[in-house]
Amino acid sequence: MGRRRRRVDRTAGAGAGALPEAIAALSRSLPAGPSPEIFRRAKFDRPEAAPALWRLLFRVLYPLPADGASASPSPEAQARLVKSALRAQGYPRTALAQIPEDGSQGSRELLLAVSWLLARGPLLERLLAQTRVQLGDEMPVCECKVLASSGPSAPHVEAEGPVDIRRVQWLMGQLRFRWRHLLCSQQEQCSLLSKLLRMLECENARLEAALAWRRCELVFWQWMDTVLDACPPEAPAAASQPTFLPRIPEYWVDELELVARELQALQEELRLAVETRRAAWEARVGGQGWGLEWTAMRQALKEAVEQELAALQRSWEQHRGPAQPHGPHRLVRSEEGATGGWGLWASEVIGTLKSQEACLEAVLCQLQGQCRQELARLAGALPGLIWIPPPGR
């Protein structure tokens with residue numbers, strides 16, 4: 001069947017209870033994993049095991065989003081999507097395409113498809129990473145946008161004077177209201193922590209099941225060899241067919257060509273419109289006496305910006321050292337003297353960010369100076385206008 005089969009000596013290994021333990025561990029570690037009885041019935045191609053295996057394959061090939069808000073398609077649509085995804089990934093057995101999509105039969109072939117996905121890569125690790133509980137212990141290595149906040153406002157302090165009883169009553173009401181708000185917030189936090197705890201318990205159960213599966217995995221592959229031997233052999237011509245991707249129907253090709261021609265026409269129309277507006281704007285600027293001067297200044301600014309970007313890129317490449325992954329990283333305390341693994345040292349990240357901050361501050365100062373010079377030039381060129389600069393920070 002073109003997959004990596006793991007044959008071991010049938011006389012070696014675990015005892016009689018290792019196979020049920022392996023199937024049960026695999027069922028607990030998979031998302032919406034069917035019961036171990038479903039696997040046993042699928043070996044004998046029982047029709048009642050097919051719907052559960054269709055759902056399992058759909059959840060494995062099309063994981064749910066983090067919020068789980070998307071609606072699940074119908075069973076027939078799930079079967080069509082599973083067939084398309086397996087064909088795109090190179091599933092070699094053609095018998096899967098002949099299974100009816102109503103879930104009435106084909107459970108043994110679906111079990112073979114599940115085992116093929118398990119054998120071709122780290123499926124369990126990828127699924128566990130997708131459903132990992134987010135604990136907020138991650139820090140992005142590179143923040144492309146930083147929003148500055150002014151911070152909390154300073155408390156208002158009034159001068160000493162006579163005490164107004166109505167103000168005291170109002171303050172007492174405010175205190176009671178905030179006390180109730182704080183109590184509700186603490187209750188909500190407790191409920192969220194309880195929900196997080198249940199999610200962590202479920203994740204720990206799946207991790208323990210994955211570890212148990214790894215310990216008795218070879219017994220499962222022994223059993224899958226017997227399942228494969230029970231399947232009727234495929235025709236040699238069908239078995240030797242090369243893997244192919246879903247092709248586009250011919251009537252869609254004509255529509256795609258029509259859409260491509262329309263997009264090219266729109267692109268040409270937009271280009272002509274942009275050139276016309278640019279020419280009109282340049283003529284308007286030239287009518288105010290800024291024609292050649294404006295063109296030269298625009299060219300100079302363009303070259304200056306290109307040079308600054310090139311210098312910034314060179315400086316960043318010199319200071320950043322080896323290529324680092326871009327994205328969030330978990331904050332993990334390492335033992336003293338431990339060797340570095342796949343993570344990043346906090347000192348390296350801080351040094352890289354400081355060097356990048358220095359480069360950006362230098363560019364900012366230079367651009368601010370150019371803006372001040374341009375404002376001064378414009379103020380001198382138009383004496384009838386008053387230029388009021390923004391307040392400095």
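**Entry 1: two aromatic residues**

I began with Y91 and found it buried, and W116 is buried too. I keep in mind that this is a predicted model. A search of the whole structure gave me five aromatic pairs. In one of them, the ring centres of Y91 and W116 are 5.2 Å apart and the planes meet at 80°, so I noted the pair as edge-to-face. I then looked up where the partners sit: Y91 is in the loop between α4 and α5, while W116 is in helix α5, so the pair ties together parts 25 residues apart in sequence.

**Entry 2: a ring cluster**

I also followed the ring pairs that link W213, F220, W221 and W223, and they form a cluster.

**Entry 3: the cavity**

Next I asked myself how many cavities of 30 Å³ or more the structure holds. I found one. The largest cavity has a volume of about 40 Å³. Its lining is made up of L118, G121, L123, L124, W213, R214, E217 and W221. Helices α6 (123-130), α7 (165-215) and α8 (217-230) are the elements that each give two or more residues to this lining. By type, I sorted the lining residues into five nonpolar, one polar and two charged.

**Entry 4: helix α3**

Last, I turned to α3, residues 50-61. This helix has 12 residues and reaches 16 Å from first C-alpha to last, close to the 16 Å expected at 1.5 Å a residue. Among the buried ones are W54, F58 and L61. Their cover, I noted, includes α2 (36-43), α4 (75-88), α5 (107-120) and α6.

Notes:
Residues numbered from 1 in each chain as written. Predicted model: local features only at pLDDT ≥ 70, side-chain atom pairs only at ≥ 80, totals over all residues. Heavy atoms only, no water. 1 Å grid on protein atoms, 1.4 Å probe; cavity = no way out; pocket = protein on both sides within 12 Å on 5 of 7 lines; lining within 4 Å. Points joined across faces, edges and corners; volume = space filled by probe spheres on them. Helix = DSSP H or I, 4+ residues; strand = E, 2+ residues; numbered from the N terminus. Nonpolar A, V, L, I, M, F, W, Y, C, P; charged D, E, K, R; others polar. Expected span 1.5 Å × (residues − 1). Buried < 20%, exposed > 50% of the residue type's maximum accessible area, 1.4 Å probe, protein only. Contact = heavy atoms within 4.5 Å. Phe/Tyr/Trp six-rings, centres within 6.5 Å; stacked < 30°, edge-to-face > 60°.
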